[in-house]
Amino acid sequence: MKKETIASMIDHTLLAPEAGMTRIKALCAEAKKYKFASVCINPVYVRTAAEELAGSGVHVCTVIGFPLGAVPSEDKAAETEHAVKNGADEVDMVIDIGAAMDGRFGDVESDIAAVVKAARAEGAAAGKSIIVKVILETCFLDDKTVQVCCRCSKTAGADFVKTSTGFASPKEINGKPLPNGASTHHVSLMRRVVGKDMGVKASGGIRSPETVISMLEAGANRIGTSSGVKIFENWDENIEIKGFDC
């Protein structure tokens, strides 16, 4: 796979709370240089990123209800509207994780639908189509719940399902940390549920070409990572991605 192809699937990500304007502008410069799919940044920097990336072909992606998802749906919708007005092309929303774990899937679906509706309306007003990605935070969910949340996302009209925020800290009862971030198991499961009609974004803990390859082979077609430059520079174009057809 060519370097340019892999670059076109990378959301170049900087969501650290301490990231300031200088680092955001540097992120945008890197995204333009390597022709990444997007930069993924906190909402406060959307306008700046849109100005920095104007005419470059690199999208501005931001996060909604991040990182906990525990925000009323109307607030997520308002946050989406504001982001699109400021120049966002893509929004990655966190589901109501508590509702999913309770089995309140009607609430999960309506929460997603509120963001999709806001994104579609504001996108139409801005003359563009907004991509909506739904972050499931899979480290907290069993496989059945992941499957149902994928179906909720699809029914609500979202464009992608996404594994993780990268900020979750699941623990055992004794306090021992549990794995978080993207896993090939969850990516494969999500792809089987949504089929080819939706995208699957793997995000969280992806820092090497080898990990990217495993995620693509599992069914991802977008990669969220803060290590995009490292991955690009170390990418072997002779590598064949088995089964990748998304």
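**Reading a residue and a helix pair**

Q: Where does R222 lie in this predicted model?
A: R222 sits in strand 8, which covers residues 222-225.

Q: Is R222 buried or exposed?
A: Relative accessible area decides this, and buried means under 20%. R222 has 9%, so R222 is buried.

Q: Which side chains make polar contacts with the side chain of R222?
A: Look for N and O atoms within 3.5 Å that can pair as donor and acceptor. The side chain of D11 makes such a contact with that of R222 at 2.7 Å. The side chain of E90 makes another with R222, at 3.0 Å.

Q: Which residues is R222 in contact with, leaving aside neighbours within four places in sequence?
A: D11 and E90 are on that list.

Q: How are two packed helices described?
A: By the angle between their axes and the distance between the axes. Take helix 7 (residues 143-156) and helix 8 (residues 184-194): their axes come within 9 Å and cross at roughly 45 degrees. That angle makes helix 7 oblique to helix 8.

Q: Is the crossing of helix 7 and helix 8 left-handed or right-handed?
A: The crossing of these two helices is right-handed.

Q: Which residues meet where helix 7 and helix 8 are in contact?
A: Helix 7 brings D143, V146, Q147, C150, R151 and K154. Helix 8 brings H185, H186, L189, M190, V193 and V194. Residues of this contact divide into six nonpolar, three polar and three charged.

Key:
Residues are numbered from 1 along each chain as its sequence is written. This is a predicted model: local features need pLDDT of at least 70, side-chain atom pairs count only at pLDDT 80 or more; totals for chains, interfaces and linings use all residues. Side-chain values use heavy atoms; hydrogens and water are left out. Helices (H or I, at least four residues) and strands (E, at least two) are DSSP runs, numbered from the N terminus. Buried means under 20% relative accessible area, exposed over 50%, partly exposed in between (1.4 Å probe, protein chains only). Contact means heavy atoms within 4.5 Å. Axes are lines fitted to C-alpha atoms, for helices over the stretch in contact, and angles run from 0 to 180 degrees between N-to-C directions. Angles under 35 degrees count as roughly parallel, over 145 as roughly antiparallel, 65 to 115 as roughly perpendicular and the rest as oblique. A crossing is left-handed if the near helix is turned anticlockwise from the far one by less than a right angle, and right-handed if clockwise. Ala, Val, Leu, Ile, Met, Phe, Trp, Tyr, Cys and Pro count as nonpolar, Asp, Glu, Lys and Arg as charged, and the others, Gly among them, as polar.
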